[in-house]
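Colleague: I am new to this one, could you walk me through it?
Modeller: Gladly; here it is.

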Amino acid sequence: MLKIQIPATSANLGAGFDSLGLAVNLYNYVSLEQSDEVLISSSDGSVVPTGKDNLIYSSAEYLFNECGKKLEGLKIIQENNIPMTRGLGSSSACIIAGIYGANIMLGTPFNTDELVNIASKLEGHPDNTTPALLGGIVTAVCENGNVYWVKQEIYRHLNFYAVVPSFELSTSMARNALPETVSHMDARFNLSRAALFSSSLLQGKFENIRVAVNDKLHQPYRMKLIPNADKVFDKAYDLGSYGTYISGAGPTIMSIVSAENKLFESEMRTFLDTIGLSDWKIYKLSIDNSGARVVF
Ligand code: HSE
């Protein structure tokens, strides 16, 4: 079977709503091979859709259809390590697994740009799917169905601490919480900060990050859907976070922290336990610069 490793992703990075995202070293694994039937299972005990509505299957089928080929069936075994519906790109990982795997099965008819475009179309925005495919930190803009993207690799000594709540928050609910229109002032607030983010991270100007992750387009509205998020933000900054933001549509809260900071995780754990959030998890992560790939 073909086995693919796909990284978790953290989108928006504060101000870069629907356009910035990065890949981290937490992986789903998907093994797949062509079959006469649809045979879908998980090796980790997680409950996954077992029909053609499975996102890995439907994404693979989309690619076959684009080539004018009929997909009769697939055997898929999923190993899910990325928490689902938590803002860490679990659905993007499925889309990338499906199209990346199908592309190999079909003899690689699609190049990277085409896969980026297809993934964005299937997900609806490119900020998770593009880093899930390519790794690194990605700036991606979709115009007329084409994604214009830049991937940059990051080799700074940073950790990304994902504080993952015990509850799910669907992307559709988190998008429905946003206003239809925003003021010119709020738009200016965001675009200046989104522009500041990537270059500051790349050049090691970490003192800029706390300003760069501020945002007026989505986080103020989504904070209301994540009880206690404000306390976690405050604690993260007390513990020396360079920048803390809602990962993707939430509810995960991500903190960018110096790798020299040895106390962040234990102090945050103690804090969560003290305020009654023992069932929230902390993942200590770092950048994945490789993206989706075949493993053996
Ligand atoms: N940019 C998206 C959002 C990411 O914030 O809704 C979630 O898929």
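**Around the ligand**

Modeller: The residues of the shell around the ligand comprise two nonpolar, five polar and four charged, where Ala, Val, Leu, Ile, Met, Phe, Trp, Tyr, Cys and Pro count as nonpolar, Asp, Glu, Lys and Arg as charged, and the others, Gly among them, as polar. This is a predicted model: local features need pLDDT of at least 70, side-chain atom pairs count only at pLDDT 80 or more, and totals for chains, interfaces and linings use all residues. Residues are numbered from 1 along each chain as its sequence is written, and side-chain values use heavy atoms, with hydrogens and water left out.

Colleague: Why does the ligand lie between domain 1 and domain 2?
Modeller: The domain bounds come from an automatic or database domain assignment. The ligand lies between the two because residues of its shell come from both domain 1 (2-153) and domain 2 (158-285).

Colleague: How far is a polar side-chain atom of aspartate 18 from a nitrogen atom of the ligand?
Modeller: Aspartate 18 has a positive phi although it is not a glycine, near 65°. Its polar side-chain atom makes a polar contact with that nitrogen (a pair of N or O atoms within 3.5 Å), and the distance is 2.5 Å.

Colleague: Which oxygen-contacting distance belongs to arginine 175?
Modeller: Asparagine 12 places a polar side-chain atom 2.8 Å from an oxygen atom of the ligand. For arginine 175, the distance from a polar side-chain atom to a ligand oxygen is 2.6 Å.

Colleague: What is omega for the cis peptide bond of glycine 250 and proline 251?
Modeller: That cis bond joins glycine 250 to proline 251. Its omega is about 5°.

Methods: Polar contact = N/O pair within 3.5 Å; in protein donor to acceptor, adjacent residues only side chain to side chain.
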